Amino acid sequence: GAEELAVLREIGFMRKICELDTPHLLGAVAAFGRIFDVQRLCIVTPLCAGGDLFERIAGMGRYTERTAAARFRDMMVGLQKLHSAGILHRDIKPENLLLSARGDDEAVSVIADFGLSDREDECGPESGRPASRQLVGTLAYNAPEHLGRHPVWSPAGDVWSAGVVLFIMLGG
């Protein structure tokens with residue numbers, strides 16, 4: 001059904017991301033199991049021992065400008081790689097940013113959760129595919145062009161969401 005196709009699509013994005021060879025995107029090292037006749041599918045990814053950014057901000061209150069700048073730089077490098085491959089994330093938020101290590105000085109921000117991702121050429125107005133009126137992603141992080149009757153998806157939307165994440169890192 002639709003759930004199985006969504007999982008297979010996400011795994012496809014994660015495998016493509018693995019080919020981009022960057023520590024800023026969580027790719028699938030391997031996926032094994034059967035999704036259609038067994039209820040278990042295992043996806044092997046690199047370890048991100050630092051947890052997610054949401055938990056880190058909740059525990060600290062907010063980041064220093066220096067640390068927030070490092071996390072934001074990592075996020076932007078990951079988005080640049082993703083966008084250069086023609087992939088839009090469409091759900092950038094602190095819960096989808098993992099930290100590679102527990103310590104802030106050695107940690108790298110890693111973009112994860114590609115369940116709502118799409119190819120830019122398949123979701124833009126020139127694709128010929130009708131834009132969904134359903135909200136994609138998390139409302140608080142969506143760019144203005146994602147809202148309304150005719151949402152427009154582009155790399156700029158992911159960058160907007162990254163800016164909201166930066167604001168949260170600095171403000172708590």
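Me: What pattern does the protein chain follow along the sequence, and how are its elements defined?
Reply: Read along the sequence, the pattern is α-β-β-α-α-β-β-β-β-α-α. The elements are DSSP runs numbered from the N terminus, with helices being H or I of at least four residues and strands being E of at least two. By that rule the protein chain comes to 5 helices and 6 strands. This is a predicted model, in which local features need pLDDT of at least 70, side-chain atom pairs count only at pLDDT 80 or more, and totals for chains, interfaces and linings use all residues. Residues are numbered from 1 along each chain as its sequence is written, and side-chain values use heavy atoms, with hydrogens and water left out.

Me: Why is Ala30 called partly exposed?
Reply: Buried means under 20% relative accessible area, exposed over 50%, and partly exposed in between (1.4 Å probe, protein chains only). Ala30 has 28% relative accessibility, so Ala30 counts as partly exposed. Ala30 sits in strand S1 (residues 30-34).

Me: What makes Cys42 a contact of Ala30?
Reply: Contact means heavy atoms within 4.5 Å. Leaving out residues up to four places away in sequence, Ala30 touches Cys42, Ile43 and Val44.

Me: What makes a set of residues a nonpolar core, and which residues have the most contacts inside the largest one?
Reply: A nonpolar core is a set of buried Ala, Val, Leu, Ile, Met, Phe, Trp, Tyr and Cys residues joined through side-chain atoms within 4.5 Å. The largest has 27 residues, and those with the most contacts inside it are Met75, Ile111, Phe114, Val165 and Met169. Helix H1 (2-20), helix H2 (53-60), helix H3 (65-84), strand S4 (97-99) and helix H5 (155-171) each supply at least two residues of this core. A second, separate core has 5 residues, including Leu26, Leu98, Val110 and Ala112.

Me: How do you know that there is a cavity?
Reply: On a 1 Å grid over the protein atoms alone, a cavity is a set of points where a 1.4 Å probe fits but cannot get out. The structure holds 1 cavity of 30 Å³ or more. The largest cavity has about 40 Å³ of space, a volume being the space filled by probe spheres set on the points.

Me: Why are some residues in the lining of the largest cavity called charged?
Reply: Asp, Glu, Lys and Arg count as charged, Ala, Val, Leu, Ile, Met, Phe, Trp, Tyr, Cys and Pro as nonpolar, and the others, Gly among them, as polar. Lining residues have an atom within 4 Å of a point, and they include Arg90, Asp91 and Asp158. By class, the lining has 3 nonpolar, 6 polar and 3 charged residues.

Conventions:
1 Å grid on protein atoms, 1.4 Å probe; cavity = no way out; pocket = protein on both sides within 12 Å on 5 of 7 lines; lining within 4 Å.
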